[in-house]
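Visitor: I'd like a close look at how helices can pass each other in a model like this one. Could you take it slowly and then show me what else is around them?

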Amino acid sequence: MTKLEARGLVKSYGPTPALRDVTLDIDEGEIVAVTGPSGCGKSTLLHCLAGILRPDAGEVSWRGHRIDTWSEAARSRLRRTEFGVLFQFGQLVAELTAAENVALPLLLAGTGRRAARAAACDWLERLGVAEYADVRPGEMSGGQQQRCATARALVTEPRVLFADEPTGALDTVTGEQVLTQLVRLARQQRTAVVLITHEPRIAAYADREIVLRDGAIDHTGLGLDAPLSGGAR
Ligand SMILES: Nc1ncnc2c1ncn2[C@@H]1O[C@H](COP(=O)(O)OP(=O)(O)OP(=O)(O)O)[C@@H](O)[C@H]1O
């Protein structure tokens, strides 16, 4: 079933066009890589799909409801519940421990402290950083921080995760390890992922690759036969 739909998205920043008429659908549980040269509109597209930015023209619908017309508060609520976001620098709260960071979205959603802490520790374990539960981000490596940020992005079990070059600041080997974990865990719980990346190797983990050029879809293709694609296509 199609869950997230974009129709004719157009977005400019003053005189600079960023998106010109982008139409796409993301299915439930689908892992989609968005690639293309610097400045082609990848982040703008992701921000429009996630309800962070409003397009100048066109529509974004989630489960049949148009969301680009929603208030900022309603779109922000959606990003705390059914949507999740993950950026290049995990944006962990420096004053909080890893477990407190991961528990935060659950606490904001009304989960009790004990249950939130238990879920946070479980997710840190799944990402292989359980031993850092009581450590603050400043005492963790970049890779450990991004694993923690990935745990925080997935702990609410979002239906769609928007990830903007989540491993772009890591070395190639660490980046690929974090990304394979992200994709494996997303597949386990059928979280769809919209993943921006510059790395063709990383795009290969996706079910589908959407290549943008000058604010429009240049072409789409299937991800290469990646080990984690699990024969989904
Ligand atoms: N806040 C902004 N103000 C003005 N222009 C912007 C802004 N954000 C993006 N742009 C411009 O819009 C176009 C698309 O930018 P966008 O960040 O979406 O591309 P991108 O493909 O994600 O780039 P990169 O791979 O370098 O991150 C570019 O020409 C960029 O310079």
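Guide: Let's start with a term you'll need: a crossing is right-handed if the near helix is turned clockwise from the far one by less than a right angle, and left-handed if it is turned anticlockwise. Keep in mind that what you're looking at is a predicted model.

Now find helix H5, residues 142–154, and helix H6, residues 172–188. Their axes come within 10 Å and cross at roughly 15 degrees. Angles under 35 degrees count as roughly parallel, so H5 is roughly parallel to H6. The crossing in which H5 passes H6 is right-handed. Who does the touching? From H5 come Gly143, Gln146, Arg147, Thr150 and Leu154, and from H6 come Thr174, Val178, Gln181, Leu182 and Leu185. Sorted by class, that contact of H5 with H6 holds four nonpolar residues, five polar ones and one charged.

H5 has another partner to look at, helix H3, which covers residues 98–108. Here the axes are 7 Å apart and the angle is about 25 degrees, so H3 is roughly parallel to H5. H3 passes H5 in a crossing that is right-handed. On the H3 side you'll find Ala98, Asn101, Val102, Leu104 and Pro105, and they meet Cys148, Ala151 and Arg152 of H5. The residues of this contact are six nonpolar, one polar and one charged.

Stay on H3 and look for helix H4, residues 113–126. The axes of H3 and H4 lie 8 Å apart, and the helices pack at an angle of about 125 degrees. That is why these two count as oblique to each other. H3 passes H4 in a right-handed crossing. H3 brings Ala98, Ala99, Val102, Ala103, Leu106 and Leu107 to the contact, while H4 brings Arg113, Ala116, Arg117, Ala119, Ala120, Cys121, Trp123 and Leu124. By class, the contact of H3 with H4 has twelve nonpolar residues, two charged ones and no polar ones.

What else is around? There's an open sheet of six strands, with mixed pairing, in the order E6-E7-E8-E3-E9-E10. The edges belong to strand E6 (83–86) and strand E10 (216–222); each has a single partner strand, so one side of each has no neighbour in the sheet. On average, and ignoring direction, neighbouring strands are turned by 15 degrees against each other.

Zoom in on E10 and you'll see that it pairs with strand E9, residues 208–213, in the antiparallel sense over six bridges. One of the pairs to pick out is Arg208 with Leu222, its bridge partner in E10. Packed on this sheet is helix H1, which touches strand E3 (31–35), strand E7 (160–164), strand E8 (192–196) and E9. The direction of H1 makes about 155 degrees with that of E8.

H1 also leads us to the ligand. H1 (42–49) and strand E2 (16–27) each supply at least two residues of the shell around the ligand, and H1 gives the most, with three. Around the ligand you'll find Tyr13, Thr16, Ala18, Gly36, Ser38, Gly39, Cys40, Gly41, Lys42, Ser43 and Thr44. By class, this shell has seven polar residues, three nonpolar ones and one charged.

Terms used. Residues are numbered from 1 along each chain as its sequence is written. This is a predicted model: local features need pLDDT of at least 70, side-chain atom pairs count only at pLDDT 80 or more; totals for chains, interfaces and linings use all residues. A residue is near a molecule or strand if its C-beta atom, placed from the backbone, lies within 6 Å of it. Helices (H or I, at least four residues) and strands (E, at least two) are DSSP runs, numbered from the N terminus. Ala, Val, Leu, Ile, Met, Phe, Trp, Tyr, Cys and Pro count as nonpolar, Asp, Glu, Lys and Arg as charged, and the others, Gly among them, as polar. Axes are lines fitted to C-alpha atoms, for helices over the stretch in contact, and angles run from 0 to 180 degrees between N-to-C directions. Angles under 35 degrees count as roughly parallel, over 145 as roughly antiparallel, 65 to 115 as roughly perpendicular and the rest as oblique. Two residues are in contact if their C-beta atoms, placed from the backbone, lie within 7 Å. Two strands pair if DSSP finds at least two bridges between them.
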